[in-house]
Amino acid sequence: MKKSALLLTICCLLASLSVPAYAADYNISAPDAGVFGRPTSDDTIYVTTDKPANTDRSKNAAYIPPAFGSPTSYTLNAGELLTPNLVSGSTTGTVSGTGGVTVLPPSASGSTGGNTGSYTQTKYTAVTKDLYYSGGYLGTLKIPTLDLSVKVYQGTDADALRKGAGHFASTSIWEGNVAIAGHNRGINNHFGKIHTLDVGDTIKLTTQLGTRSYEVYSVSKISVDDISVLNDSTENIITLITCVMNQPDYRWCVQAREK
């Protein structure tokens, strides 16, 4: 009896092992579309009609960034020239004084097909770290007629104008066009009366490179969008800019040339 039961059990086990493999069904579904996000490639075609800017991007126009935490660490285009040797003693410029660089583009003249042309040199002195006084300013502006004496700081942001007048960072600091801005009201009302200056009045600027006297030749009201007064100059001039009270679309502009 026991042998019969054992034999029956063995037969049942053999029968279970003989079940075909295809009896087990497997189904692997792919993930839904979009599970892995959108593709990151950008096939957009960008079209612009703007003309390319005529900007010198070669290494002789590059600057070494100012030291971290220095007065000019956040000032655009501040620092020392990366390759000053390309300026000094070459046709692209000369080094001026104890600091700064006066960039003098090469002059050109000649004739082609009977036409004669010439290129007028412009002047420009860049701001470098050795042009700063210990107080963090670049110079002192004086207008005897207005009994005005004010320190000039780099930049025209609120911080610079809160301390004194502000130097337009894109303009020269000595040779050429030196452009300076100031408030026309409030406790720092330094430029509030510059529009009362007359042709022939004197403006003085003192920097680490020396003291220069200018004679006023223009007092005008310009559009707020007129930035031509900040252009480089072929002569030594100073440009003073301030707001026009209650006329936000205009600015007072005073210009004077070296005596």
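Q: Which residue is the bridge partner of Gln-154 in E9?
A: His-167 is the bridge partner of Gln-154 in E9. Before going on: this is a predicted model, where local features need pLDDT of at least 70, side-chain atom pairs count only at pLDDT 80 or more, and totals for chains, interfaces and linings use all residues. Residues are numbered from 1 along each chain as its sequence is written, and side-chain values use heavy atoms, with hydrogens and water left out.

Q: How many bridges join E8 to E9, and do they run parallel or antiparallel?
A: E8 and E9 (residues 165-167) are joined by 3 bridges and run parallel. Strands here are DSSP runs of E with at least two residues, helices are H or I runs of at least four, and both are numbered from the N terminus. Two strands pair if DSSP finds at least two bridges between them.

Q: What about E7, in which sense does that pair with E8?
A: Antiparallel, over 5 bridges, with E7 covering residues 139-143. Gly-139 stands opposite Val-152 in E8. The hairpin has 4 residues between the strands, and Asp-147 there takes a positive phi near 55°.

Q: Is E8 mostly covered or open?
A: Mostly covered: 5 of the 7 residues in E8 (residues 148-154) are buried. Buried means under 20% relative accessible area, exposed over 50%, and partly exposed in between, with a 1.4 Å probe and protein chains only.

Q: Switching to cysteines, how many disulfides does the structure hold?
A: The structure holds 0 disulfides, a disulfide being a pair of cysteine sulfur atoms within 2.5 Å.

Q: Cys-253, buried or exposed?
A: Cys-253 is buried, at 1% relative accessible area, while Cys-243 counts as partly exposed because its relative accessibility is 35%.
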